[in-house]
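Biologist: Hey, can you walk me through this one? I'd like to start with the strands.

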Amino acid sequence: MATRQTQKAAAIRENRDRRPYAVAKYIRIAPSKVHVVLDIIRGKDYNEAAAILEATPKAAALPVLKCLNSAAANAEVNKGMNRDNLYVAECYADMGPTLKRVQPVSKGRAYRILKRTSHITVILDERKA
């Protein structure tokens, strides 16, 4: 049984994604609002995506820009890649924990307010020349 576990662990290590990435966790914006911004930059070059995010008037643009810049820095420092050759291969926002709050209303009732959080992931890759 232990040999199978070591084989599985070796296979997982071998198939692990080697592209540079960055994850921004517990961002206090609903994932549905972040998806709108991520759809704009998916597949674009790094420089073009950064310029688009700087000009986008959405609240989610700043955290996504920070995550994009972090992924580019990871590519340069850890992988030795050039920023000019990078593009946004994948980007997605997963649901983080939801903060539950209560809004008092008439007749002693209370409505629930759900404050959603996001985990933003940006994966870059190098363009093949």
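Biologist: Which residue in β5 is the bridge partner of aspartate 94?
Modeller: Histidine 119 is the bridge partner of aspartate 94. Keep in mind that this is a predicted model, where local features need pLDDT of at least 70, side-chain atom pairs count only at pLDDT 80 or more, and totals for chains, interfaces and linings use all residues. Residues are numbered from 1 along each chain as its sequence is written, and side-chain values use heavy atoms, with hydrogens and water left out.

Biologist: How many bridges join β2 to β5?
Modeller: There are 9, and the two strands run antiparallel. Strands here are DSSP runs of E, at least two residues, and helices are runs of H or I, at least four, numbered from the N terminus.

Biologist: What's the strand order in the open sheet?
Modeller: It goes β1-β5-β2, 3 strands with antiparallel pairing; two strands pair if DSSP finds at least two bridges between them. β1 and β2 stand at the edges with a single partner strand each, so one side of each has no neighbour in the sheet.

Biologist: Switching to α2, which of its residues are buried?
Modeller: Pro31, Val34, Val37, Leu38 and Ile41. Buried means under 20% relative accessible area, exposed over 50%, partly exposed in between (1.4 Å probe, protein chains only).

Biologist: And what is exposed on the other side of α2?
Modeller: Ser32 and Lys33 are exposed there.

Biologist: What covers the buried residues of α2?
Modeller: The cover includes α3, α4, β2 and β5, with contact meaning heavy atoms within 4.5 Å.

Biologist: What follows α2?
Modeller: Glycine 43, with a positive phi near 90°.
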